[in-house]
Amino acid sequence: MRLLLVEDDDLLADSLAEALEDAGYRVDATALVREAEKLMAREDYSLVILDLGLPDGSGLEMLERWRRGGRRLPVLALTARDSWEDKVAGLRRGADDYLTKPYHEAELLARLHALLRRSSGAVEAELRVNGITLDEVAKRACGVDGSWHTLTATEYCLLRYLMCHPDRVHSKDNLLNQLYTLNQDAAAPNLVEVYIGRLRRLFGKNCIQTRRGQGYVLPSH
């Protein structure tokens, strides 16, 4: 899944982006309101981690604009403002969760998992779609034969995205955007086909269907 990190502390942003990448997410990062607005307008993110105090504007005001504009993706406010009044204001103005600095990395990752589960309609740590079970903690999955397979970071990212959006046709470009960030070199044109093929070998050739001229779909049943 692809996340947007809006944080103006360079050391913190680099450390957090690395931790998120290690956890299987793809992360685009910026320190500015104007850049965050541009990225939100053109990219498809599953979640935003948002610092509320930014050099060129208010993260909280930007969040309000997103909500008024109809953007419903989950937002985790990450800030040094730790009074209960600040927390209430952040939640009332559109944040889905609130974490103060300094924080424990494990807690932040657990909160992200919870937000993403709720946004996808799941309530357990395991996703289950059409005979496939994905363990989000261990980064492994099993198919109808009951065999568990440990997934690479890219396999996990792709499978989780498809399972969180079943029955939806995803273009190759959309899936490629979920696998690679803006700061990475352009991916090989056949990257999506390669990883779709790997998942089919693990979970059956019909687990992900090809819609000719449109893309790929993971059916819910």
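Visitor: How do you know what share of residues 2-116 is helix and what share is strand?
Guide: Helices (H or I, at least four residues) and strands (E, at least two) are DSSP runs, numbered from the N terminus. By that rule the span is 47% helix and 23% strand, and its end C-alpha atoms lie 11 Å apart. This is a predicted model, with residues numbered from 1 along each chain as its sequence is written. Local features need pLDDT of at least 70, side-chain atom pairs count only at pLDDT 80 or more, totals for chains, interfaces and linings use all residues, and side-chain values use heavy atoms, with hydrogens and water left out.

Visitor: What makes residues 2-116 a listed span?
Guide: UniProt lists them, in an unreviewed entry, as "domain: Response regulatory". Its positions are given in the numbering used here, feature names are shortened, and annotations may be inferred rather than shown by experiment.

Visitor: Which domains does the domain assignment of the protein chain give?
Guide: Domain 1 covers 2-120 and domain 2 covers 126-217, with bounds from an automatic or database domain assignment. Their C-alpha centres lie 25 Å apart. In contact (heavy atoms within 4.5 Å) are 17 residues from domain 1 and 17 residues from domain 2.

Visitor: How much area is buried between domain 1 and domain 2?
Guide: About 1,400 Å², with carbon and sulfur atoms giving 45%. That is the accessible area (1.4 Å probe) that the two parts lose on being put together, summed over both.

Visitor: What makes the peptide bond from Lys101 to Pro102 stand out?
Guide: It is cis, with omega near -5 degrees, whereas most peptide bonds are trans. Pro102 lies in the loop between strand S7 (97-100) and H5.
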